[in-house]
Structures are given as structure tokens and as C-alpha cells.
Amino acid sequence: MTPNPHTRQSNMELLRILSMLLVVLVHTGYYSLGRPTAAEVQADPLSQFSLNFFQALATGCVDLFILLTGYFGIKRPTIKGAANLLFQCAFYSIGICAVMFLTGAIPFTWATAFRSLLITRGYWFINSYLCLYLLSPLLNRLIERSPRKRLRNILIGFFALQTAIVWGLNIGNFFIGGYSLTSFMSLYLLARYIRIYGGRWFSLPRMADLAVVLSLPLVIALLATANTYFEWDFFGDDVKYKTDLYSYINPLVLVGSVCLMLFCSKLSFQSKGVNLVAASCLAVYLVHLNPLVSPYFRVCVQTIHEEFHGMTLAGMIFVLIVGIYAASVLMDQLRIRLWLKLSSRFRILR
């Protein structure tokens with residue numbers, strides 16, 4: 001049975017939730033702790049391997065969000081759609097700043113207050129995604145007017161070139177590790193191609209997809225641990241440059257992200273709870289990476305790593321991630337209600 005196009009598909013909404021969980025998880029790694037030194041890895045290789053595994057498992061989080069966008073497609077960019085995205089940013093940027101002023105968490109300054117009005121400041125993903133949203137009609141036109149073979153060749157050519165330049169010649173600084181609009185556009189086209197045309201490689205049993213999702217991070221973690229342990233220096237240390245194992249354009253990360261999308265697409269269930277939580281997942285990103293909140297987040301992660309070890313450490317990180325997620329989703333219910341009232345009052349937003 002073909003699902004109603006106006007009904008959220010809970011299997012893919014579950015992927016949206018998982019993607020945001022991975023966003024928070026990836027930020028509990030190198031973002032908060034920094035990269036391990038050779039001495040740290042040599043002193044405790046097993047712990048560093050575990051950290052590398054979870055870092056690798058979570059690295060595809062951004063790719064997943066863009067693949068999801070491409071999977072469903074952006075039908076037509078609208079003023080309401082762009083305004084909704086910017087309103088979400090404003091709600092948290094201005095709201096968090098106001099709360100911190102009122103509680104005395106930070107001293108009031110006009111400079112800080114002004115920066116809170118720059119609602120996409122510190123949110124690189126929002127800036128790139130908004131550009132993708134506005135350019136989506138051109139990408140959709142390319143998909144509509146390109147025969148399957150031509151579109152396939154475009155995708156193969158682009159990803160082969162990207163891999164050769166970054167991973168072969170090690171000169172692809174302009175790809176900046178997948179943070180660029182170019183990467184977003186290529187992922188959007190890839191997901192649209194998979195959704196429209198599929199193919200033998202995209203029709204494997206879902207457990208085969210899951211096996212790939214779990215095995216590739218193991219490969220990345222082994223390479224990363226060995227690279228630091230033996231001080232090979234084969235891979236770059238900056239996600240924006242060189243052949244960094246944890247860049248969003250690492251071919252292993254890309255394949256793993258596609259396989260996780262395929263795995264979820266082969267599930268079949270409906271859940272109002274899953275759909276409700278998924279509708280607020282962007283709030284998790286906007287809260288914990290807010291420029292005023294992120295320093296506290298990083299200190300919290302560092303403190304947990306200093307105080308706990310082993311399974312207790314993993315449990316505390318899990319509690320932190322779920323706590324941030326739950327609090328953000330609850331706060332977002334107010335944002336949703338405010339947006340519904342606001343959008344109903346202005347004809348241009350209806």
C-alpha cells in the first residue's frame with residue numbers, strides 16, 4: 001500500500017530521531033574532548049578505540065539529514081517554509097540569550113544581546129541547508145530532465161572526483177570536509193536517485209544494510225587508532241582538510257549513511273509518538289550548539305570523562321544525550337504553538 005504523502009512515515013521519522021541523537025553523540029567526542037594524542041592512545045588503546053568507534057558511528061549524522069531531505073524531496077520552496085526555519089533559530093537564539101541574562105548565567109551586554117539577533121550565528125548547518133532549500137528547484141529540474149543513466153553518471157562522476165581529489169591527491173580543501181553547499185547538493189541528488197530509481201544494490205535485505213552500518217565504523221576506528229598509535233600520520237587532523245577519517249565526505253561514512261537510510265526505509269510502522277518527537281528534532285541541534293550553551297555542554301562532557309570510566313562513563317553520556325533531547329523536545333512544543341498562532345495571522349505564511 002502506498003503511504004499517504006501527507007502522513008509522516010514513522011520509519012523515516014525514526015531515522016530523523018536517530019540522526020539527531022548521533023549529532024549530539026558526535027559532539028561528545030572530539031568536539032568536546034579534542035583529538036587524542038599518540039601518548040594517550042598508547043597508554044590506553046582500548047578506551048581510545050571505543051571513543052573512535054562511537055565517533056565514527058556518529059559522523060554520518062549530517063549526511064543522514066540531507067539524505068532524508070533528498071529522499072522526500074523539497075517540493076517547492078516557500079516563504080512559509082523558510083520563515084519557519086528562521087523562526088526556529090530566532091526562538092532559541094533570542095530565547096536562550098534572554099534566559100541567561102535573567103538568571104544571571106551571563107552578564108548583560110549590548111554586544112551579546114545584538115549577537116543573539118544574528119539568529120543563524122554559530123549554526124553552519126542552517127546556513128548551508130537554507131541555501132539548499134532555495135536552490136532545490138534547480139536540483140529538481142535536473143532530476144526531472146535527466147535520463148536515469150545521465151543522472152547516475154553525474155553522481156558517479158562527482159563522488160569519484162571528490163574521493164580522488166580529497167583521498168587520492170589530498171588537495172581538496174574546497175570541499176571543506178562536507179561542510180559545503182556542494183556536498184549538500186550531491187547528497188540531495190543521490191537520495192532522490194535512490195528513491196526514484198532504486199536498483200539492485202539498494203534492494204538488499206535490511207539486515208545486510210545494518211551489517212554495513214555497524215562494520216564500517218569498526219574499520220574507521222581501527223584505522224584511526226592505528227594511525228595515532230603508530231604515528232603514521234596518513235590521515236589529516238582537521239575535518240575541513242585532507243583525508244580526515246571523520247569528515248562527512250569520507251566514502252566509508254557516506255556508504256554507511258546511505259545504508260542506514262536504506263535500512264530504515266525497509267521498516268514499516270506508524271507511531272504518533274515517533275512522529276511528534278521527530279518534528280522537534282532540530283530543536284536539539286539549536287539548543288546544545290547555541291554559542292552560549294555549547295561551552296557548558298563541552299565542560300559537562302569533559303567532567304563526565306574525568307569522573308567516570310568504562311560502562312559507567314557510557315551510561316552517563318547516554319543519560320546526557322537523552323536528557324538534552326527530551327528537554328529540547330519539551331521546550332519545542334511552545335515554539336510549535338507560537339508558530340501556529342503566528343503563521344495563522346499572516347496571509348503570506350499560510
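# Reading the labels in this predicted model

Me: Why is Asn275 called buried?

Reply: In this predicted model, Asn275 has a relative accessible area of 13%, and buried means under 20%, so the value of 13% puts Asn275 in the buried class.

Me: Where does Asn275 lie, and what does Asn275 touch beyond its neighbours in sequence?

Reply: Asn275 lies in helix H13, which covers residues 272–278. Leaving aside residues up to four places away in sequence, Asn275 touches Arg8, Gln9, Ser10, Glu13 and Gln270. Val62, by way of another reference point, is 213 residues from Asn275 in sequence and 20 Å from it in space, taken from C-alpha to C-alpha.

Me: Why is the pair of Phe87 and Trp339 called tilted?

Reply: Among the 22 aromatic pairs found in the whole structure, the rings of Phe87 and Trp339 have centres 5.4 Å apart and planes at 35°.

Me: What makes the pair of Phe230 and Trp232 stacked?

Reply: The ring centres of Phe230 and Trp232 are 5.3 Å apart, which is within 6.5 Å, and their planes stand at 15°, which is under 30 degrees, so the pair is stacked.

Me: Are Trp339 and Trp232 buried or partly exposed?

Reply: Trp339 has 8% relative accessibility, under the 20% limit, and so counts as buried. Trp232, at 39%, lies between 20% and 50% and therefore counts as partly exposed.

Me: How do you know that the charged end of Arg195 sits over the ring of Tyr71?

Reply: The charged end of Arg195 is 4.3 Å from the centre of the Tyr71 ring, and this distance meets the limit of within 6 Å that such a contact requires. Arg298 likewise lies over the face of Tyr31, at 4.4 Å from the ring centre.

Me: What lines the largest cavity, and how much space lies in it?

Reply: About 30 Å³ of space lies in the largest cavity, and the count comes to one cavity of 30 Å³ or more. The lining includes Asp63, Phe159, Gln162, Tyr248 and Leu254. Helix H9 (148–168) and helix H10 (181–197) are the elements that give two or more residues to this lining, with the largest share, three residues, coming from H10. By class, the lining divides into five nonpolar, four polar and one charged residue.

Me: How many residues line the second largest pocket, and of which classes are they?

Reply: The second largest pocket holds about 1,200 Å³ of space and is lined by 47 residues, of which Leu25, Ser50, Leu51, Phe54 and Gln55 lie nearest its centre. The elements that give two or more residues to this lining include helix H1 (10–27), helix H4 (45–58) and H16. The lining has 29 nonpolar, 14 polar and four charged residues.

Terms used
Residues numbered from 1 in each chain as written. Predicted model: local features only at pLDDT ≥ 70, side-chain atom pairs only at ≥ 80, totals over all residues. Heavy atoms only, no water. 1 Å grid on protein atoms, 1.4 Å probe; cavity = no way out; pocket = protein on both sides within 12 Å on 5 of 7 lines; lining within 4 Å. Points joined across faces, edges and corners; volume = space filled by probe spheres on them. Helix = DSSP H or I, 4+ residues; strand = E, 2+ residues; numbered from the N terminus. Nonpolar A, V, L, I, M, F, W, Y, C, P; charged D, E, K, R; others polar. Phe/Tyr/Trp six-rings, centres within 6.5 Å; stacked < 30°, edge-to-face > 60°. Buried < 20%, exposed > 50% of the residue type's maximum accessible area, 1.4 Å probe, protein only. Lys NZ or Arg CZ within 6 Å of the ring centre and 35° of its normal. Contact = heavy atoms within 4.5 Å.
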